[in-house]
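Here is my note on the structure, point by point. Please read it beside the model.

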Amino acid sequence: MKDYYKILGLNKKSTKDEIKKAYRSLSKKFHPDVNPEGGEKFKEIAEAYEVLSDDKKRQQYDNPNPFGNMGRGFNPFEDFIHNFNNSRQKKQRGPDKKIKVQITPIESYFGINKPITYQTTHSCQSCSGSGGKKVECQDCKGSGNIRRKVGTGFFTQVIDTPCIKCNGSGDIMLDACFNCGGTGIKQKMEQIGVDIPKNISTNDFLRVKGKGDFSPKHGFGDLILQIEVLPIDGFEKINNDLIYTHKVDAFDFIMGNEIDLPHPDGPLRIKLLPNMESIKPLRLRGKGYKLNNGVGDFYLKLNVINKPLSEDIKNILNEKLKQTNN
């Protein structure tokens, strides 16, 4: 039996509010419309929530009765899975196209309309996506499925299996299109502009409706963009914080001079204090990524560069050290 508490990251003492909060968080992360690879995980999450959010089902799950339910076993989420699968079938569309899109931390800071070039499938122009001359399969009457009854009486089930004669297509090909070989599709390079929102992070997903691959029976799927925010020019993005690594001269560091730092909103000037540690990032509050309910921080990492010093600078440093020791 599956551990529904573990699936939601909870335990048996978790409250209904905690269960609801965990479900909302995980379902957003793994919903198939957001994460194309999260379908199976989403089913598990929804299955667990279906049981644990209902007091009666949760009690039966926590205290299973092996002799109840006519000896058929307890399956409180059977209707949910059935309805979920049916809803997925009704929404059937062409295959989705998933690609990775790389952006910079600064592009994530402001948001950007990003030109995307990718290879996708389109309807064959020679046969208008039909694949060639076809006739309806007589075995399945064009449905692509053969319906059979299994079992007897109360335990009778109706099962649809793909038609063997037409391989589930519902048609029999008589004369395949010379251009696409009967598939009804051709490869094509596509270029579109996509609005990348502010504060997007690595492994976030964006869905562009109707820009995926083409299926002769179901039309176009969606384009799924997996975002990757790459460090560049000293900047990197960690959650809602903007990180910058700055090379600073050892002389400036020792003397406590002022330095100018690049920032998306304009240059920042800070003074290098005597007690600053180069290994510990300096935090500037409120200078990170802007959120609907707040703002992240800006972290400065100092990379001290020890350049060769002139005699004049060495004399200045010696005087500085003497003053410090006194």
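1. Start with A48. A48 sits in helix α3, which spans residues 39-52. Helices here are DSSP runs of H or I with at least four residues, strands are runs of E with at least two, and both are numbered from the N terminus. The relative accessibility of A48 is 0%, so A48 counts as buried. Buried means under 20% relative accessible area, exposed means over 50%, and partly exposed lies in between (1.4 Å probe, protein chains only). Leaving out neighbours within four places in sequence, A48 is in contact with Y4, I7 and L8. Contact means heavy atoms within 4.5 Å. K2 is 46 residues from A48 in sequence, yet their C-alpha atoms are 8.6 Å apart.

2. Ground rules. This is a predicted model, in which local features need pLDDT of at least 70 and side-chain atom pairs count only at pLDDT 80 or more, while totals for chains, interfaces and linings use all residues. Residues are numbered from 1 along each chain as its sequence is written, and side-chain values use heavy atoms, with hydrogens and water left out.

3. Confidence. The pLDDT is the predictor's confidence in each residue, from 0 to 100. Its mean over the protein chain is 83, and 87% of the residues reach 70 or more. Helix α6 (residues 105-110) has the highest confidence, at 96, and helix α5 (residues 78-90) the lowest, at a mean of 49. Over residues 66-79 the pLDDT is below 50; the model gives this stretch 14 contacts beyond near neighbours in sequence.

4. The chain as a whole. The secondary structure comes to eight helices and 19 strands. Of the 326 residues in the protein chain, 34% are buried. Take the contacts between residues at least 6 apart in sequence: 64% of them join residues at least 24 apart. The accessible surface is about 21,200 Å², and carbon and sulfur atoms hold 49% of this area. Areas come from the Shrake-Rupley method with a 1.4 Å probe; for residues, only the protein chains shown count as cover.

5. A four-stranded sheet. This sheet is open, with mixed pairing and the order β12-β13-β19-β16. The edges are β12 (235-238) and β16 (282-284); each has a single partner strand, so one side of each is left without a neighbour in the sheet. Direction ignored, neighbouring strands are turned by 30° against each other on average. Axes are lines fitted to C-alpha atoms, for helices over the stretch in contact, with angles from 0 to 180 degrees between N-to-C directions.

6. Which way do β13 and β19 pair, parallel or antiparallel? Strand β13 (residues 241-249) and strand β19 (residues 298-305) run in the parallel sense over eight bridges. Two strands pair if DSSP finds at least two bridges between them. I243 has Y299 in β19 as its bridge partner.

7. Aromatic pairs. Rings of Phe, Tyr and Trp (its six-membered ring) pair if their centres lie within 6.5 Å; planes under 30 degrees apart count as stacked, over 60 as edge-to-face and the rest as tilted. The count comes to seven aromatic pairs. One of them is tilted: Y109 and Y289, at 5.5 Å centre to centre with 55° between the planes. The two residues are 180 apart, with Y109 in helix α6 and Y289 in the loop between β16 and β17 (290-291). Y109 counts as buried because its relative accessibility is 7%. Y289 is buried too, at 0%. Elsewhere, Y4, Y5 and Y61 form one aromatic cluster.

8. G286. The loop between β16 and β17 also holds G286. Its relative accessible area is 36%, so G286 is partly exposed. Not counting residues up to four places away, G286 touches V295, G296 and D297. F298 is 12 residues from G286 in sequence and 7.1 Å away, C-alpha to C-alpha.

9. Backbone points to check. Most residues other than glycine have a negative phi. S128 has a positive phi, near 55°. S128 lies in the loop between β2 (112-123) and β3 (132-136), and is exposed at 62% relative accessible area. D233 has a positive phi as well, near 55°. D233 lies in the loop between β11 (223-229) and β12, and is exposed at 65%.
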